[in-house]
Amino acid sequence: AVMLIKRVALIPLSANEFSFHYIGRCINEFHCAGVKARPQLIQLPWNNFPRTFIDNLEKNHRWQEVKSFLNTCTPTLDGPKVVSHNDIHAGNLQIANNKVIFLDMDEVCYSSRLNDLGMVIANFWDNGRIDAGSVRKNSEELLYGYDGEHKMTSGDLEELLLYALHKLYFTEAYYRFISDIKQQNHGAFISELIKKEGVIKDMLS
C-alpha cells in the first residue's frame, strides 16, 4: 500500500483484484506509515454528524434511530489510535505498479484501527450479497489480513460492526443531504444502505 504518490497511472481496483485479506494488509501498512509520519491531526469523535445531516435525517424520520445507536452503542474509544484514512470506498482505492493507492486524504484523522476496517465492511459487500454470513466471513478475512497473528474474537467482530454501522448511517445521511441540495434521486442506493444497516443491526442484537 502507498500513502503518498507522485504522478503515476492509476487503475480502479476491480472486483477480481479485491480481497478482504489483501485490503486488510494494505490498511495495516497505511496505519504503520502513519505512525512513522506522526502528523498533526484531530481525533475523530464518535458523534461526528454535521448539523445539516442531522436536520435532514430528522426530516426523513431517521434521526431517532441513528441517535439511539450513537448514544447506546459506543465502541471502546480509549484504545490505541492510528492515522485513519477515514474515507475508504471503491473510488479512493486504486492500483499503480501493482500496489494499492489510497486517494483523497483530506478526511485523515486519528481514530481506532477499526474505523478504516469498518468502512471496508460497510462499503464492500461480497458480490452484492447482503447477509450476515457474508459479513462475518469478510470480517474474518479483513481482520486476519490486518493482523494475521490473532484470530478474530467476538469482541473484535462487535467493534468492527459498530464502526461499519456508523459508516452506513453517515453515508445514508450524506446521500439524503445531497439528494436535497442537488435535487438528485438516490432513493435506490439509500434503500440498499438501509438493508445493509438492518443486517448489521441484527448481528449486533
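**Helix crossing, sheet and confidence**

Me: How do helix 4 and helix 6 cross, and within what distance do their axes come?
Reply: In this predicted model, the axes of helix 4 (residues 113–123) and helix 6 (residues 154–181) come within 7 Å and cross at roughly 65°. Helix 4 is therefore roughly perpendicular to helix 6.

Me: Is the crossing of helix 4 with helix 6 left-handed or right-handed?
Reply: The crossing is right-handed.

Me: Which residues of the two helices meet?
Reply: From helix 4, the residues are Arg113, Leu114, Asn115, Leu117, Gly118, Met119, Ile121, Ala122 and Asn123. Their counterparts in helix 6 are Asp156, Glu159, Leu160, Tyr163, Ala164, Lys167 and Leu168.

Me: And by class, what does that contact have?
Reply: The contact of helix 4 with helix 6 has nine nonpolar, three polar and four charged residues.

Me: Switching to the sheet: in what order do the strands stand?
Reply: Three strands form an open sheet in the order 1-3-4, with antiparallel pairing. Strand 1 (11–12) and strand 4 (99–102) each have a single partner strand, so one side of each lacks a neighbour in the sheet.

Me: How many bridges join strand 3 to strand 4?
Reply: Four bridges join strand 3 (residues 93–96) to strand 4. One of the paired residues is Ala96, whose bridge partner in strand 4 is Lys99.

Me: What about confidence: what is the mean pLDDT of the chain?
Reply: The mean is 86, and 90% of the residues reach 70 or more.

Notes: Residues numbered from 1 in each chain as written. Predicted model: local features only at pLDDT ≥ 70, side-chain atom pairs only at ≥ 80, totals over all residues. Heavy atoms only, no water. Pairing = 2+ DSSP bridges. Axes fitted to C-alpha atoms, helices over the stretch in contact; angles between N-to-C directions. Parallel < 35°, antiparallel > 145°, perpendicular 65-115°, else oblique. Left-handed = near helix turned anticlockwise from the far one by under 90°. Contact = heavy atoms within 4.5 Å. Nonpolar A, V, L, I, M, F, W, Y, C, P; charged D, E, K, R; others polar. pLDDT = per-residue confidence, 0-100.
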